[in-house]
Amino acid sequence: MTQAELKLCSLLLREYFGDIVEAIGTFLIRSGPQPLRLIAADTGLLLDQVKKALCVLIQHNLVGYQVQKRGLVEYEARCRRVLRILRYPRYIYTAKSLYGDTGELLVEELLLNGHMSMSALVRKVADRLTETMEDGKTMDYSEVANTFVCLVDTHFVQRCPLVPEGLDTPEVPPPPAPTLVLNEKDMYTVPRLNLVGKGKRRRSCEEEDGEHQAKKQKQDGGSTEPPPDDGIYWQVNIDRFHQHFRDQAIVSAVANRMDQTSSEIVRTMLRMSEVTTSSYAPYTQPLSSNEIFRSLPAGYNIGKQVLDQYLTLLADDPLEFVGKARDSGGGMFTVSPGIPGHGHPGVHRGGEVRLPLCPDLPVAPAQEVPGAEASGGFCHDPGEGSQGHALQNALGEPGGPAGDSQNSRPRSLPHLLPVHRERAGRSTHAAAPLLQERGQPHGAPPV
């Protein structure tokens, strides 16, 4: 880690968690794994302060621990995870674009608290949404819970590892630190909860009634029961957000290099495999042309023969966005996410786009589509500039124009790369000459 990254981690920890947590985190980043006593001795902080700071860092998944052979527990900072704090606004904005205000607040609360139970998270978000509504309107817990289930189904939220049950036995002494485990089958399984109720507004005199609230809690303390999901906690799946950003970059690059129909086919393939393929897999699961044809958006008027020609054209492209696995079932095709050492050089792990330096290229803004769904929520009008020229110039690849050929002013890929979801008939059929060379008859469906 460079000195600039170390300084940035230190500033982020101080801004979000305060001086004590920043001192502990910076010490671990500089010195590597260290035991508790040594951390307290070298930082000059009280042992109780060190314990609380480590609890905060572990709660937010910024520090991990490991039991050594001699039974000593060492704590280690996760530097890259600390730097991901810079992307928190982008994660929240993506959740808002895909799932509205409810999704935005769900992700925001999870990022602010590290991890939470589903019942506590739903109540907190419902209360916040109710406070923003008009008088007399409230947000039902069930509506918030449905959005939470959608986030889990699309793997944007996942379960936290738990301490395995049955370890506290009198015959076997407890370990110095618990080993957290999680069954992959349960990682995205939402417990069945009967969350009935509505969000509540804060009363203006809540502070003045503090004593009455405390007395009421003491009176009700004997009858309170733990929630049905007690012990099941959830956290934001950062890798899934990076996968979403990476998929946006791939679809945008295909649209700029070829045409809108090609990008729609690739977007369909990515949507089909977004929850079945690991974020770090070099290729997606093989998909047959028949499966891709059946999964194309309704109303997208292209025939099976045209689809096969597009898939062949994509598989033969030098950038290798799409690869052909085998010929059975009309052909099995995969999408290469661009892991270093696999596939095309433009898109890399973690949703980052790495191109050769082009300092003179200005940034083109992305446009957000209201009411976007999880299959992709950004739209870019190729008639407003030629991003394809910037991609082709940066990669050194020749290609036809993408968008309006009259406006050749180059633009680089924006920070939020758009997913192209235009209606058919608005973009130029850039792949038409290549399709005609492969036998595509004149009068093919417009793109």
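This report describes the fold, cores, sheets and selected residues of a predicted model.

**Basis**

Local features are taken where pLDDT is at least 70 and side-chain atom pairs where it is 80 or more, while totals for chains, interfaces and linings use all residues of this predicted model. Numbering starts from 1 along each chain as its sequence is written, and side-chain values use heavy atoms, with hydrogens and water left out.

**Overall make-up**

The protein chain has 15 helices and 11 strands. Helices (H or I, at least four residues) and strands (E, at least two) are DSSP runs, numbered from the N terminus. Of the 447 residues in the chain, 45% are buried. Buried means under 20% relative accessible area, exposed over 50%, and partly exposed in between, with a 1.4 Å probe and protein chains only. The chain exposes about 23,600 Å², of which carbon and sulfur atoms supply 51%. These areas come from the Shrake-Rupley method with a 1.4 Å probe; for residues, only the protein chains shown count as cover.

Contact here means heavy atoms within 4.5 Å. Among contacts between residues at least 6 apart in sequence, 65% join residues at least 24 apart.

**Nonpolar cores**

In soluble globular proteins, nonpolar side chains tend to be buried together. A nonpolar core is a set of buried Ala, Val, Leu, Ile, Met, Phe, Trp, Tyr and Cys residues joined through side-chain atoms within 4.5 Å. The largest such core has 61 residues, and L28 and L54 have the most contacts inside it. Helix α6 (residues 88–113) gives the largest share of this core, 11 residues. Apart from it lies another core, of 25 residues, among them I265, Y300, L311 and L314.

With neighbours within four places in sequence left aside, L54 touches I24, L28, L36, I39, V63 and Y75.

**Two open sheets**

Two strands pair if DSSP finds at least two bridges between them. Strand β6 (residues 233–236) is joined to β5 by 3 antiparallel bridges, and Q158 stands opposite Q235 in β6. Axes are lines fitted to C-alpha atoms, for helices over the stretch in contact, and angles run from 0 to 180 degrees between N-to-C directions. Between β4 and β6 there are 2 bridges, again antiparallel; M116 stands opposite W234 in β6.

Another open sheet, also of 3 strands, has the order β7-β9-β8 and antiparallel pairing. Here β7 (287–288) and β8 are the edge strands, each pairing on one side only. Strand β9 (residues 332–335) is joined to β7 by 2 antiparallel bridges, with L287 opposite F333 in β9. Helix α11 (residues 260–272) lies across β7, β8 and β9, running at about 85° to β9.

**Cysteines**

The structure holds 0 disulfides, a disulfide being a pair of cysteine sulfur atoms within 2.5 Å. The sulfur of C79 has its closest cysteine sulfur in C9, 5.7 Å away, and therefore too far for a bond.

**Selected residues**

For H155 the angle is about 70°, and H155 sits in the loop between α8 (141–153) and β5. For E320 it is about 60°, and E320 sits in the loop between α13 (304–315) and β8 (322–326). S10 lies in helix α1 (residues 3–17). Beyond its neighbours within four places in sequence, S10 is in contact with E22 and T26.

| Residue | Relative accessible area | Class |
|---|---|---|
| S10 | 7% | buried |
| C55 | 53% | exposed |
| C79 | 18% | buried |
| H155 | 15% | buried |
| E320 | 43% | partly exposed |
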